[in-house]
Amino acid sequence: MLKLVDSYKHRGLRQKLVENLRSKGIESDLVLEAVANVPRHWFMDSGFLDHAYQDKAFPIGANQTISQPYTVAFQTQLLDLKPRQKVLEIGTGSGYQTAILCELKADVYSIERQLQLFKKVSLFLPKVGYHPKRLIFGDGYKGLKDEAPFDRILVTAGAPNVPKSLLAQLKIGGRLVIPVGKDEQTMTTYERRDIKLFDKLEFGKFKFVPMLENRT
Ligand code: SAH
C-alpha cells in the first residue's frame with residue numbers, strides 16, 4: 001500500500017510556496033488555491049521529498065521531470081480555465097499538472113508517450129482522489145480527435161513547432177497554451193477566433209523537456 005502522508009508541515013511548506021509564487025507574479029487566487037491543495041510531494045520520488053516545495057523541476061524517471069511549480073502555475077493561469085471546461089493536456093508526466101487541472105474542476109484528458117509514466121500515473125491519480133476523464137497512452141502531436149473539440153489545450157513539453165492538429169482541435173473561442181522552441185521555449189497562446197483565425201500572444205522564455213515524435 002502507498003503511504004501518503006500530508007502533514008501539517010507539508011501544508012505549511014505549500015503555503016510558503018504559494019507566497020513565493022505570488023511574489024513571482026502569479027495573481028490568480030484560483031490557481032494559487034489549487035497549488036495549496038495538491039500535495040506535490042506525492043508526485044515525486046521519495047529521494048526528492050525534501051525538495052517538493054522548492055520552486056524547482058525534479059526528475060520523475062524515464063528521463064522526464066515534474067515541471068517547476070512556477071511554470072505549472074504560469075501555464076495554468078494562462079489557460080484561464082472554468083469549471084467543466086474540456087481540457088486536453090499533452091505530457092501527463094508525474095500527473096501533478098493533471099491534478100491541478102482536476103482541482104479546478106475541469107474535464108481533463110491527458111496524453112503521455114512514455115509507457116512507464118503512463119502506467120504509473122493511471123494507477124496513482126485515482127488512488128489519491130483525482131479523476132481525469134481519460135488518460136491516454138499515445139502521441140500528443142496528434143491530439144485526441146475522438147474527444148475534440150476542446151475548450152483548452154495545454155502542452156507541457158517543449159514543442160519545436162505548433163502542431164496543426166492541436167489548433168484544429170480547439171473550439172471557437174478556445175485556447176492553446178504551448179511552449180514553442182528547441183533549446184529554450186517561448187510561452188505562447190493561440191486563441192481561436194474563427195475557423196481559420198487565431199490570435200497569438202507570447203509570454204517570455206521557459207525551459208521544458210522536449211516534445212518528442214512518436215517512435216512507433
Ligand atoms: N505535466 C507534467 C510535465 C512532465 S514533462 C508534470 O506535471 O509532471 C513533459 C512530459 O511530456 C514527459 O512526461 C514526456 O514523456 C511527455 N511527452 C513528450 N513528448 C510527448 C508527446 N509527443 N506526446 C505525449 N507526451 C509527450
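A salt bridge here is a side-chain nitrogen of Lys or Arg within 4 Å of a carboxyl oxygen of Asp or Glu. Keep that cut-off handy for the first stop. You are looking at a predicted model, in which local features need pLDDT of at least 70 and side-chain atom pairs count only at pLDDT 80 or more, while totals for chains, interfaces and linings use all residues. Residues are numbered from 1 along each chain as its sequence is written, and side-chain values use heavy atoms, with hydrogens and water left out.

**Stop 1: charged pairs**

Select Arg-84 and Asp-107: their side chains meet in a salt bridge, 3.1 Å from N to O. Arg-84 sits in the loop between α3 and β3 and Asp-107 in strand β4, so this pair ties together parts that are 23 residues apart in sequence.

Next, pick Asp-55 and Lys-24, whose side chains form a salt bridge at 2.5 Å, N to O. Asp-55 is in the loop between α2 (29-37) and β1, and Lys-24 in the loop between α1 and α2, so parts 31 residues apart in sequence are tied together. Asp-55 is buried at 11%, while Lys-24 is partly exposed at 40%.

Now go to Asp-146 and Arg-134, where the closest N and O atoms of the salt bridge are 3.4 Å apart. Asp-146 belongs to the loop between β5 and β6 and Arg-134 to strand β5, so the pair links parts 12 residues apart in sequence. As for accessibility, Asp-146 counts as exposed at 58% and Arg-134 as partly exposed at 30%. By this rule the count comes to 17 salt bridges.

**Stop 2: the sheet**

Switch to cartoon view and find the strands. How many strands form the open sheet, and in what order? There are 7, running β5-β4-β3-β6-β7-β8-β9, with mixed pairing. β5 and β9 (197-206) stand at the edges with a single partner strand each, so one side of each has no neighbour in the sheet. The twist averages 15 degrees from one strand to the next.

Zoom in on β8 (residues 185-194) and β9, which run antiparallel and are joined by 8 bridges; two strands pair if DSSP finds at least two bridges between them. Within that pairing, Arg-192 stands opposite Phe-198 in β9. Then colour helix α3 (residues 69-79), which packs on the sheet and touches β3 (86-90), β6 (150-155), β7 (170-180), β8 and β9. The direction of α3 makes about 160 degrees with that of β7. (Axes are lines fitted to C-alpha atoms, for helices over the stretch in contact, and angles run from 0 to 180 degrees between N-to-C directions.)

**Stop 3: a hairpin**

Select β1 and β2, which pair in the antiparallel sense over 3 bridges. They form a hairpin with 2 residues between them, and Ala-62 in the turn has a positive phi of about 50 degrees. Phe-58 has Ile-66 in β2 as its bridge partner.

**Stop 4: helix α5**

Show side chains on α5 (residues 115-127). Its buried residues are Leu-117, Phe-118, Val-121, Phe-124 and Leu-125. The cover over them includes β1 (58-61), β2 (64-66), α4 (96-103), β4 (107-112) and β5 (134-137). Just past α5, Gly-129 takes a positive phi of about 90 degrees.

**Stop 5**

Click Arg-14 in helix α1 (residues 8-23). Arg-14 is buried, with a relative accessible area of 2%. Beyond its neighbours within four places in sequence, Arg-14 is in contact (heavy atoms within 4.5 Å) with Asp-6, Val-35, Ala-36, Asn-37, Val-38, Pro-39, His-41 and Tyr-53.

Finish on Leu-167 in helix α6 (residues 164-168), which counts as buried at 15% relative accessibility. Not counting residues up to four places away in sequence, Leu-167 touches Val-162, Leu-176, Tyr-190, Arg-192 and Phe-198.

How values were computed. Helices (H or I, at least four residues) and strands (E, at least two) are DSSP runs, numbered from the N terminus. Buried means under 20% relative accessible area, exposed over 50%, partly exposed in between (1.4 Å probe, protein chains only).
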